[in-house]
Amino acid sequence: MNKLQEIHVIYGDKPKEMVKKLLGEIKPEAGLPTGIIIGLKPNLVVAQPAELGATTSPEITAGIIEYFQEKGFLNLVILESSWLGDNTVKAFKECGYNELSQKYNVPLFDLKKDETIIEKVGDYSFKVCRKVKEVDYLINIPVLKAHCQTEITCALKNLKGCIPDSEKRRFHSTGLHKPIAYLNKVIKSDMIIVDGIRGDLTYEGGGNPVEMGRIIAGFDPVLVDSYVGELLGFHVDEIKHVKLAHEMGLGKLYGPEAKLIEMDKDKMPPIKLTPSRKVSYLSQWVVEDQACSPCYGSLIHALDKLNRKGKLKKFKGKIYIGRGFQESDLPEIGIGLCTKGFKTSLPGCPPKARDLVEFLEKYLTTK
């Protein structure tokens, strides 16, 4: 069978050993010259350890590095750009990647500091980081987790860390789904290794980790993402960027023709991966128009805290967020710099999570 139609899954609780065993079964190095540049693209969206469910485990990345170095591949680089409002250098440190870099002599590259080049798909032009286009083989290492705007975030969306912050903002202003698909047309993931050890099934910023005990591997990002979507109970029509990528010919959807190869399934009890659907409930208090993920995710996190304190049920108003309100002066509550014209607004791009909770708690108390 064509390896593009294969999904490999290994179960367990020792990430480094698991990923090395998985790679030993797949043998992705076959036919690759040892002198090539291998780029590793984890998900270090925020500066917090993988235990909180938002970032790629350094143990998985270490296992990938060890496997390829033992096969004679010595030209590896770790590439990442944290989300808007966060610092990649801080993320490298807090997520354990500085130690990783020193131990294996693999450089860290902050894509926020990179030069950019212009790519075009149809009539849509956008900037991508030059360094990503210079690697010969790109290993995409996302986390299996939910997303407050796109339902899931996995292989396809993880490449959003390969564009400058200015484009991240623009992707949100034009709607995330189509730009994500377009991005995967100009940046190709040669292999995908999904960190499914623990992930946040509420929203992408972490804090609500679910123990999942698995690592998923494949070569087709559409196949991998549609498989992950199915694991979480979503129909592909609900995950618009995955459906669009498939329609653009970027990969196959998971179905009967795909081959699922599972390893060590007996080492892990069955776990039903069920998203909390908490975002859908909390979004009833939100009016969103072109909001960036860090801002929207922080708002959902703050609303969740207030809801658990019992302070949301009596609130009958709406909270506005997003670039679509930059020219508005509504007599409502607004979140972020984009709503600075509102009667009541919390500044920041994005606002700090702590400030957001305190601001909303004070505002809702006085209403």
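A nonpolar core is taken here as a set of buried Ala, Val, Leu, Ile, Met, Phe, Trp, Tyr and Cys residues joined through side-chain atoms within 4.5 Å. In this predicted model, the largest such core holds 48 residues, and F126, L183 and I187 touch the most other members. Beyond its neighbours within four places in sequence, I187 is in contact with V128, V132, K133, L138, L159 and C162. A second, separate core comprises 36 residues, among them Y97, Y137, I139 and M191.

β2 spans residues 38-42, and five of its five residues are buried. Cover is found on both faces: I38, L40 and P42 are buried on one side, and G39 and K41 are buried on the other. With strand β3 (residues 76-80), β2 pairs in the parallel sense over three bridges, and I78 in β3 is the bridge partner of L40. The path from β2 to β3 runs through α2, forming a right-handed β-α-β crossover. β2 also pairs with strand β7 (residues 137-141), again in the parallel sense, over five bridges. Here K41 stands opposite N140 of β7.

The loop between β2 and α2 (58-70) contains T56. This threonine has a relative accessible area of 0% and is therefore buried. A polar atom of the T56 side chain lies 2.7 Å from the backbone oxygen of I141. Leaving out residues up to four places away in sequence, T56 touches P42, N43, L44, A50, T61, Y97, I141, P142, V143 and D195.

Helix α9 (residues 221-231) is likewise mostly covered, with nine of its 11 residues buried. The buried residues are P221, V222, L223, V224, D225, S226, Y227, V228 and G229. At the start of α9, the backbone nitrogen of V222 has a side-chain oxygen of D220 within 2.9 Å. After the helix comes G233, with a positive phi near 85 degrees.

Cysteines deserve a separate word. A disulfide is a covalent bond between the sulfur atoms of two cysteines. With a cut-off of 2.5 Å between cysteine sulfur atoms, the count of disulfides comes to zero. C129 counts as buried because its relative accessibility is 0%. C338, with a relative accessible area of 18%, is also buried, because buried means under 20%.

Key: Residues are numbered from 1 along each chain as its sequence is written. This is a predicted model: local features need pLDDT of at least 70, side-chain atom pairs count only at pLDDT 80 or more; totals for chains, interfaces and linings use all residues. Side-chain values use heavy atoms; hydrogens and water are left out. Helices (H or I, at least four residues) and strands (E, at least two) are DSSP runs, numbered from the N terminus. Buried means under 20% relative accessible area, exposed over 50%, partly exposed in between (1.4 Å probe, protein chains only). A polar contact is a pair of N or O atoms within 3.5 Å; within protein, one must be able to donate a hydrogen and the other to accept it, and residues adjacent in sequence count only if both atoms are side-chain atoms. Contact means heavy atoms within 4.5 Å. Two strands pair if DSSP finds at least two bridges between them. A crossover is right-handed if, with the strands pointing away from the viewer, the path from the first strand over the helix to the second runs clockwise.
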